[in-house]
Amino acid sequence: MLDNLGNLERTHSCGDLRPSDIGREVVLMGWVAKRRDFGELTFIDLRDRAGITQVVFNAEDAPEAHARAKELRGEYVIAVTGTVVARAENTRNTKLATGDVEVHARQLLMLNDARTPPFQLDASPDALASEDLRLKYRYLDLRRPQLQANLHLRHRVLNEIRRYMTAQGFSEIETPILIKSTPEGARDYIVPSRIFPGKFFALPQSPQLFKQLCMIGGLDKYFQIAHCFRDEDLRADRQPEFTQLDVEMSFATLDQVYALIEGLFASVFKLIDVDLPTPFPRFTFAEVMSRFGSDKPDLRIENIELRDLAQAVEGTEFPPFASALSSGGQVKGIVVPGGANLSRKVLDDLQEFAKRYGAGALAWIKLGDEISSSLLKALGGDVVGRIASVAGAQKGDAVLIVSGKPKVVAASLGALRNEVAKRENLIPANVYAPLWVTDFPMFEFHEEDGRYYSMHHPFTSPVDEDLQLLQRAVEGGETNLLGQIRTKAYDPVINGVEMASGSIRIHRRDVQRLVFKALGMTTEEARERFGFFLDALEYGTPPHGGIAPGIDRLMMVLAGTDNMRDVIAFPKTASAADLMIDAPGEVDPKQLEELHLRVIED
C-alpha cells in the first residue's frame, strides 16, 4: 500500500549530509538506487539530484519500517525519517560525498512504486544501453548523475551569461518565433496559417533581421537566449532546434566584439575552474585553411600542419600529382610525429577515412630505419626522400599525402590531422586552445549549380577595401571577383569546435542591394523576401555588428562530451525524431482541413 506525503517536508537533499550533521534528525526523499538485504539489517542507497545517502533499517530499532523496507525495489520513491550517525571506520565510502555518515531510519513512507527500468541507470559510460532506447525513455535517462550534472551546469552557464551581458550594458529583448520565411541557407520549418489560407509562417533559423532592426530602433545593445530551428541534415553537433546567445551592438568595432566575447567565454569557463587564455590569437580564413585545412582548427594539436609539396613533386609524371598540379590543384601532406610505427592496417584505415572527404587516395612515407612508402615504385627513393625533406619529417615520423582540388586537399588533410592526433594520443588533456578566425570570404562557389552563395549570410559587411571589388563584380560584370571579396566576419573556435559565428553587418541599403544582386536575386525577389528590412535601412541605420555563440556547442566543450544530446534535456535523434513522444506524427484530418492542407501520398 502506498502512503501519502501529507505535510512532511524534507530537511536535506541526499547529497548534503556530513559528519557535522551527526545526531541530527532528518527527513530525506528520493529514489531507491540499490537495496541490500542482510536479514535484520536492510541498507538502501537513496538518490536524488544532489547525490546518494545510505539509509539503514534495523529490525530491532524500527521493526515496522524495516519490514516495509524489504518491499522496496529499484526506483521506488520514498520518504525516510531518521537520525544521522557516523559510519563504522571500515564501512566508510570515499566515493560518496556523504560516505562518512548514514541515516538510521525510524519511519518509511512509500510514496510510489516503479516498474523495472528498461535499462540499468547506474551503468558505467562504456556499458550504457543504446542511445535510441535511452532517448525513448529519456525521463529515466535523465536520472543518470552525468546528465543531471550537465543540465545543472547548463543552468549555471545561462545565469552567468545573463549576469555578464547585463553588466556590459546589454538588455535582454525577445523577438518573434512566428516569422516570415527568409531562407538563409538551411531549410525553414514552415507553420501553416489557419487565418490566412495558403500562407505560412516560418520558425526562425536565427533572430538575425530582428536584432538588426533593434539596432535601427536605437536599442544599442541587445542580447537574447534564443531558441532557433533549422530543417537540415543532422550530425552529433547539430539539432533541428537549438539554443544560441544572440548579441548585437551599435557602433561596434571588430576589437569591441572580440573583447566582449573573450570576456564572456573567460567568465563562463571559470565555472569549470578553467582560466581561458585571453586575448585569443587571430588567424585569417586563408591562413587556417592553408595551415590546418579547416576553418575550425584544434590548436591543441601542435607540430602538425599542412605542408605544400608541389616543389618536391614538380616535374614528376606520377598521374595523381601531375594531374592535380596541371589543373590548378595541390599536393600537400602532414607529418605524423612518431608515425613510422603506423601499421599497414592503420594506414589502410586512414586512407578509407580520407576518402570520406573526397580524397582519391592517401599516399604515405614512413621514415624508420629505412624509408618505406607507397610511392617508392612510382617515384623512386630520391624523390620520396625529397618529399619527406620538404615536408619537414624526421627519422621516426610518417608523412601522409593527398593531391587534388584545393577544397578536397584541405578537407581530407584537415580531418586526418584531427584523426591521427586522436589515434596517437597527441591531444593534451585539460587544455583549452581558443582562437579567432577572421576575414572569411563573402561568397563561395557551388559547382553543383554553378552559382555563388553567401558563406555566412547575406547581411555580412565586406571589408572596407574590398567594397570596390563588390561594385566591380556586380555593376561591371566581373563576377570572377566575387570569390576574392573578404568580409568582416569572425568565428571564435575552442579545441576545434566553432563556438559562434558573427560579423559586422551591412548598414547601407546600396551595399545590401549589391549583395542581393551578387547572389542572383532580382529586385522583385529581394523586395518580396526582405522589403521590410530594405525599407528600414533607409531610416538612419547605425553601423552595427554582433555574434551568436551556440549554447549547445558551448556546453559540449564545458561538459567534455562530443555528443550534443548529452547537454540537452529532451533532444531529437540524428534523424530529427523524438522517440519519447513519437514525433513527428500524424494529425487529425480536421486539423488539416482547418489549415486548408491535404497530404498527397507518394
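Mentor: Residues are numbered from 1 along each chain as its sequence is written, and side-chain values use heavy atoms, with hydrogens and water left out. Since this is a predicted model, local features need pLDDT of at least 70 and side-chain atom pairs count only at pLDDT 80 or more, while totals for chains, interfaces and linings use all residues.

Trainee: Why is α5 called roughly parallel to α15?

Mentor: Helix α5 (residues 208–216) and helix α15 (residues 523–536) pack at an angle of about 20°, and their axes are 10 Å apart. That angle makes α5 roughly parallel to α15, because angles under 35 degrees count as roughly parallel, over 145 as roughly antiparallel, 65 to 115 as roughly perpendicular and the rest as oblique. The axes are lines fitted to C-alpha atoms, for helices over the stretch in contact, and angles run from 0 to 180 degrees between N-to-C directions. Helices (H or I, at least four residues) and strands (E, at least two) are DSSP runs, numbered from the N terminus.

Trainee: Which residues of α5 and α15 meet?

Mentor: From α5, Leu-209, Gln-212, Leu-213 and Ile-216 meet Phe-530, Phe-532, Phe-533 and Ala-536 of α15; contact means heavy atoms within 4.5 Å. By class, this contact of α5 with α15 has seven nonpolar, one polar and no charged residues. Here Ala, Val, Leu, Ile, Met, Phe, Trp, Tyr, Cys and Pro count as nonpolar, Asp, Glu, Lys and Arg as charged, and the others, Gly among them, as polar.

Trainee: Is the crossing of α5 and α15 left-handed or right-handed?

Mentor: The crossing of α5 and α15 is left-handed. A crossing has that name if the near helix is turned anticlockwise from the far one by less than a right angle, and is right-handed if clockwise.

Trainee: How many cavities of 30 Å³ or more does the structure hold?

Mentor: The structure holds three cavities of that kind. On a 1 Å grid over the protein atoms alone, a cavity is a set of points where a 1.4 Å probe fits but cannot get out, and a pocket is an open set with protein on both sides within 12 Å along at least five of seven lines; lining residues have an atom within 4 Å of a point. Grid points are joined across faces, edges and corners, and a volume is the space filled by probe spheres set on the points.

Trainee: What lines the largest cavity?

Mentor: The largest cavity has about 50 Å³ of space, and its lining includes Pro-441, Met-442, Phe-443 and Val-515. By class, that lining has six nonpolar, five polar and no charged residues.

Trainee: Which element gives the most to the lining of the second largest pocket?

Mentor: Helix α4 gives the most, with seven residues. This pocket contains about 1200 Å³ of space. Of its 45 lining residues, the closest to its centre are Leu-121, Asp-122, Arg-144, Pro-145 and Gln-146. The lining has 15 nonpolar, 15 polar and 15 charged residues.

Trainee: Where are the residues Pro-279 and Ala-576?

Mentor: Pro-279 is in the loop between α6 (254–269) and β11 (282–284), and the peptide bond from Thr-278 to Pro-279 is cis, with omega near -5°. Ala-576 lies in the loop between α16 and α17, and its phi is near 70°, a positive value in a residue other than glycine. Most residues other than glycine have a negative phi, and most peptide bonds are trans.
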